[in-house]
Amino acid sequence: MPWQGIYYKGRYFEDLEEYLSFLNISKEEIEKKPTVGILFYRNWFIANNIDYVDDLINIVERKGGIPIAVFSSHLKNDLGALGTLETFRRFFYMDGKPIIDSLINTTMFTLSMGIREDYLEEPQFLKELNIPILQGIVSTGYIEEWENSVRGLNPIDLVIGMAMPEFDGAIIHFPIGGKKKIKEGRVGVPIVKYKSIRDRCEKIVDLALKYGDLKLKENRDKKIGIIFHNYPPRNDKIACAFGLDSPESVVNILRELKRRNFLLEKMYENGNELMEEILNNVTNDKRFLSEEIVKKTVGNIDKKTYEGWFNSLSEKVRNELIKHWGSIPGEVMNFNGKIIVPGIINGNVFISLQPPRGFGEDPSKIYHCPDMPPSHYYIAYYRWIKEVFKADAIVHVGKHGNLEWLPGKCVGLSKDCYPDINMELPNIYPYIVNNPGEGTRAKRRSYATIISHLIPPMTISDLYGELSELEGYIGDYYEVETQEKKEFLKESILNKIKELRLQEDLMDGKIIEKVVDTLEDKEFEDLLSKVHDYLEELKYRQINEGLHIMGIPLEGEGLINMIFMIVRYQFDYLKGISKVLNYNWEELNKHPGRYQKIIDEIYGYGISLLQEYSEYNFQEEYIGDLKTLPINSNLRDLLKVVSKIYRNLIKVEEEIKHTVDALEGCYVPPRVAGSPTKDINSLPTGRNFYSCNPQEIPTKSAYEMGKKLADDLINKYLGEEGKYPEYLGVIIWGSPTMRTRGDDIGEVLYLLGVRPVWNKMGRVVDTEVVPLEELKRPRIDVTLRISGLFRDTFPQVIELIDDAIKKVANLPEPEEMNFVKKHYREEIEEKIKKGIDEKNARETSLYRIFSDKPGTYGAGVANLIDEKNWESVKDLAQVYVQWGGYAYGKDIYGIDAKEEFINRLSKVELTVKNEDSQEWDIFEGDDFNSYHGGLIAAVTHYSGKQPKSYIGDTSNKNRIKTKHLKEEGKK
C-alpha cells in the first residue's frame with residue numbers, strides 16, 4: 001500500500017498529472033475553476049474509513065470545483081512516507097506553483113509536526129502555499145452523541161481538532177464526520193466506522209469554494225461586507241470596538257481595497273466623514289428612523305423573500321424563532337411590512353452595522369431567558385448580505401460583535417446553532433491582540449480568520465493637580481530639618497489626604513480621622529510611607545493614550561512610550577538602568593515613596609536612553625555610540641531586544657495588508673496572542689492569532705505565580721480580619737487563563753492545597769495534595785464563577801479543579817485545617833435533615849464550579865443595566881443566579897443548580913478577580929462589572945452583608961499586589 005497519494009472514488013494515484021489526466025482536466029481548467037485540496041490520514045485510507053472523503057469529493061464536483069484528495073502521514077519515515085512537506089509539494093503543486101485554491105484539512109494536531117520546531121515562528125511552507133486552510137473535524141466521538149450534545153465536541157476533539165490546528169493558522173470549522181455503529185459484531189462488540197455528517201460536508205465545501213473564489217475572482221468583481229459593532233444599538237455606540245478607532249481603520253482598509261482595484265465609488269477623507277454618511281442613512285437606532293431616512297435603506301426584505309429564507313432553516317430553529325419573536329417577518333426593523341437594512345453601499349462594498357442581540361426589544365427576557373435566539377431581523381440581515389447583496393466575504397471590525405455569542409453548541413456547531421446559521425461566508429475579523437479568549441470564540445463559533453491588531457498607545461499616567469501637590473508636600477517633609485516646618489507640612493499633608501479622600505483609596509481611614517495633635521509620630525510616619533508609595537504607584541501606572549488605528553505605526557513620543565512600557569517590567573529594563581546608576585532596584589521598590597526622586601531619575605534615564613537610540617533608528621550597530629548612560633553587557637542585550645520590538649511594531653501596516661490579503665484568498669500566518677507589554681511573542685500584529693494548548697494549563701510557572709497570588713490574598717485578609725477566609729468566591733475568565741497560561745488556576749489549586757502533576761511533555765495529568773505541614777495553613781473553600789468562554793475552552797481544567805475539590809473534601813484532616821471538608825460535612829447534614837437523600841446530598845454539596853447554561857454566555861448584569869431594567873441589588877442578584885447557576889465538573893455538565901449557587905453565594909466572605917495587565921482597566925468594558933460586580937451584588941443580597949472584594953494584580957511580575965476592589969476602582 002502507498003504511504004501517500006491522491007484518492008478518487010475507490011482509486012488512488014501516485015502522480016498528480018496522471019490524476020488530472022484521468023479526470024481529463026487541463027491546466028486551463030485548473031486556473032479557472034476553484035480547486036479544493038482535501039487532506040486525510042493514510043490510516044483511514046487503508047482501513048477504508050473514508051465515507052466523508054467520498055462525500056467531500058462528490059460535493060466539490062457537483063458544485064463545479066476540482067477535488068484533489070490526498071492521504072498521507074504527517075511524519076517522514078524510511079519506509080516511504082514523505083511527510084507533510086514533501087507530500088504537499090508532490091500533490092498540491094504544479095510547475096513549482098500551488099494549484100489548489102483552498103484546503104480542507106481533516107487531520108488532527110498540527111500540519112507543522114516534524115517541520116517547525118519552534119511554534120513561535122510562522123510556518124514557511126504554509127506561507128508559500130498561500131491558501132486558506134479550513135479545518136474540517138473528524139470527531140473521535142459518535143455522531144449521535146454530538147448531535148444530542150449542547151457541549152458539541154468532546155474535550156479530546158477540542159484539543160487535537162481545534163486548538164492545535166490553530167497553531168498553523170487554520171480556520172476552524174465544525175465536525176464533518178465521526179464514529180457510527182454499523183452493526184453488532186459476532187462477540188457483542190459493535191463494528192464502528194467513521195461516517196460523514198452530510199449537511200456539514202456540504203457547508204464546508206461551500207465555504208472552501210467561496211474561499212477559492214476569493215483567489216480566482218478579479219478584485220473588481222468581488223463584493224465585500226464590512227460590519228461595525230453597534231451595542232447598545234444607539235447611534236453614539238456605532239463602531240465601538242475595544243481599543244480600536246474603527247472608523248479610521250475602515251477608511252485605511254478601504255484605501256487598500258481601492259489600491260488593489262476593488263470597486264469603490266468614493267473615498268473618505270477620514271473616519272468622521274464615513275460616520276457622517278452612515279448616520280445620514282438607516283441605522284439600528286429606532287429614535288432616528290424617520291420616513292425620509294427609511295426611504296434611503298439599501299435593502300427592503302419583504303415577507304415573501306424572508307419566508308423563503310425562513311423555510312430553509314431547520315424545524316427546531318423555525319419553532320424557536322416563532323416562539324420568541326412571533327410570526328414572520330417579526331416587528332424588529334419592520335417598516336410597512338418590510339425589514340429594512342441599515343448601512344451604505346459604496347461601489348461593491350457594503351458598510352453596515354451588526355443587528356442587536358435582541359434583549360432591548362423585550363428586556364424581561366434578561367431575567368429568565370439567557371438563551372433567547374436572535375430576531376427575524378438578525379436572520380434576515382445576514383441572509384440579505386449573502387443572497388441579495390451577494391457578498392463574497394464579510395469583515396467584522398474589532399472586538400467584539402454578538403454573532404459568535406449566539407445560542408448553540410459550545411464548539412463544533414450544527415445547522416441548529418445560530419452563529420452557524422448566520423455565517424455562510426468567509427469571515428475576516430480584525431481583533432485586538434491581547435484578547436485571545438474572545439478572539440478564539442470568534443474563530444471557533446463564527447469561523448473567523450483573525451487579523452490581530454495592536455493595543456492602544458500606552459503611556460505613564462503621572463500625577464497632576466492636587467495629587468502632584470501632595471507629592472511635593474511629602475518630598476518637602478522628608479527634606480526639611482526644623483520641627484516647626486515639619487509640623488506645618490504634617491498638617492498640610494493630612495488636610496490634603498482628607499480633601500482627596502485618599503483614606504478610601506487606601507482602605508485605612510482610621511489613622512487619618514484622628515486629631516492631628518494626637519497622631520503619634522510613628523503612626524504619621526507609617527501613614528506617610530503608605531500614602532507616598534500609593535502616589536508612586538499611581539504616578540507610574542500604565543494607561544491608554546487614545547485608540548489604535550489599523551496600519552498606522554507609532555512614531556515620536558508615542559513610539560518611545562510604547563517601547564518603554566513593553567520593556568520596563570517584561571525585561572527588567574529599569575532594573576538594568578538602576579544597576580548602571582549604582583542603585584539596588586529591589587530595595588528602592590520596597591518603599592518607592594521614600595525613594596521617589598531616585599526612581600524618578602531612573603525613569604528619566606530609561607526614557608532618555610530610548611529617545612537617543614531612536615535617533616539611530618534603533619539599529620544595533622550604533623548601541624556603542626549611545627551617550628545617555630554607560631552601556632554594560634546587560635544594557636546592550638536589552639537594547640538589542642528593543643531593536644526587535646521596534647522592527648515588529650513598525651510592521652503594523654501588515655494589519656491592513658493581511659486583512660485585504662484574506663479577501664484575495666490568501667493565507668494569514670499565525671502568531672500567539674497575548675499582551676505585548678507582557679509577551680513580545682504576540683508581535684508583530686496582523687496575524688491569525690492562536691491561544692494555547694488546554695492540556696498544559698496551568699504551566700509550572702503559572703502555578704508558582706498562582707501560589708504567590710494565593711499567599712498574598714490570604715495574608716491580606718488575615719491581616720485585616722485576624723482570621724483565614726473560609727468561603728472565597730473567584731471569577732475565572734478564558735482570556736487571562738490563555739495569556740498567563742493559568743495563573744488563576746494555579747491560585748485556586750494552591751488555595752485548596754493541591755499542586756498539579758505534569759508529565760514529561762508538560763501536560764497536566766492529575767493533582768496531588770500538599771501536606772498540611774508543608775502548607776502551614778487551612779485549605780480554603782472556593783466557589784468559582786467561570787465564564788462561558790472558559791467553560792468551552794478548558795473542560796480538562798474544570799475536571800481537574802473539580803477532582804481536586806473532591807480529593808480535599810475527603811482527606812483525613814481536622815476540619816479547622818480543611819474548610820472544604822468542614823463545609824462539605826455541614827451541608828450534607830443540613831440536606832439530609834431537609835429530607836434529601838444522602839447520595840444526592842453528597843453530590844450536590846460538592847458543587848463549586850458554576851457558569852452559564854450550556855450554549856449561552858455572559859453574566860446578565862450588564863444587559864440588565866444597559867436596558868435600565870432593574871431597581872435594586874435583589875434584581876441584579878437574581879439575574880446573576882439565573883444566568884450563572886449551572887454546575888460543572890467531572891461528569892457534571894450544565895446541571896441546573898441555582899439553589900446550590902445561592903447557598904454558596906450566601907456564605908462567601910471574600911471575592912476576588914485577578915488582573916494580569918495594565919493594558920486596560922476595570923471600567924473599560926462592562927464585563928468586569930457584570931461578573932465581579934454581579935458576584936458582589938449576589939453575595940450581598942443572599943448573605944445579607946457586603947463581602948470584602950479584592951483584585952490580584954500581576955501586571956508587574958516582580959511586584960504582585962492584592963488590592964481592594966475599591967482601591968483599584970479609584971485608580
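**Helices α25 and α28**

I looked up how helix α25 (residues 573-580) packs on helix α28 (residues 633-649) in this predicted model: the angle is about 150 degrees and the axes are 10 Å apart. I took helices (H or I, at least four residues) and strands (E, at least two) as DSSP runs, numbered from the N terminus. Axes are lines fitted to C-alpha atoms, for helices over the stretch in contact, and angles run from 0 to 180 degrees between N-to-C directions. The angle makes α25 roughly antiparallel to α28 (under 35 degrees counts as roughly parallel, over 145 as roughly antiparallel, 65 to 115 as roughly perpendicular, the rest as oblique).

I then noted the residues in contact (heavy atoms within 4.5 Å). They are Y573, G576, I577 and V580 on α25, and N634, L635 and L638 on α28. By class I recorded five nonpolar, two polar and no charged residues. Here Ala, Val, Leu, Ile, Met, Phe, Trp, Tyr, Cys and Pro count as nonpolar, Asp, Glu, Lys and Arg as charged, and the others, Gly among them, as polar.

**Basis of the entries**

I number residues from 1 along each chain as its sequence is written, and side-chain values use heavy atoms, with hydrogens and water left out. The model is predicted, so to speak of local features I need pLDDT of at least 70, side-chain atom pairs count only at pLDDT 80 or more, and totals for chains, interfaces and linings use all residues.

**Strand β31**

I checked burial along β31 (residues 910-915): six of the six residues are buried, so the strand is largely enclosed by the rest of the structure. Buried means under 20% relative accessible area, exposed over 50%, and partly exposed in between (1.4 Å probe, protein chains only). L910, V912 and N914 point one way, and T911, K913 and E915 the other.

I looked for its partners next (two strands pair if DSSP finds at least two bridges between them). Strand β24 (residues 727-732) runs parallel to β31 and is joined to it by three bridges; V730 has V912 as its bridge partner. Strand β32 (residues 948-953) is also parallel to β31, with six bridges, and there D953 stands opposite E915.

I found E827 in helix α36 (residues 819-833), buried at a relative accessible area of 2%. Leaving out residues up to four places away in sequence, E827 touches S845, R848, N903, R904 and K907.

I followed N903 and R904 into α40, where both are buried, as are K898, E900, F901, I902 and L905. Helix α40 (residues 898-905) is mostly covered, with seven of its eight residues buried.
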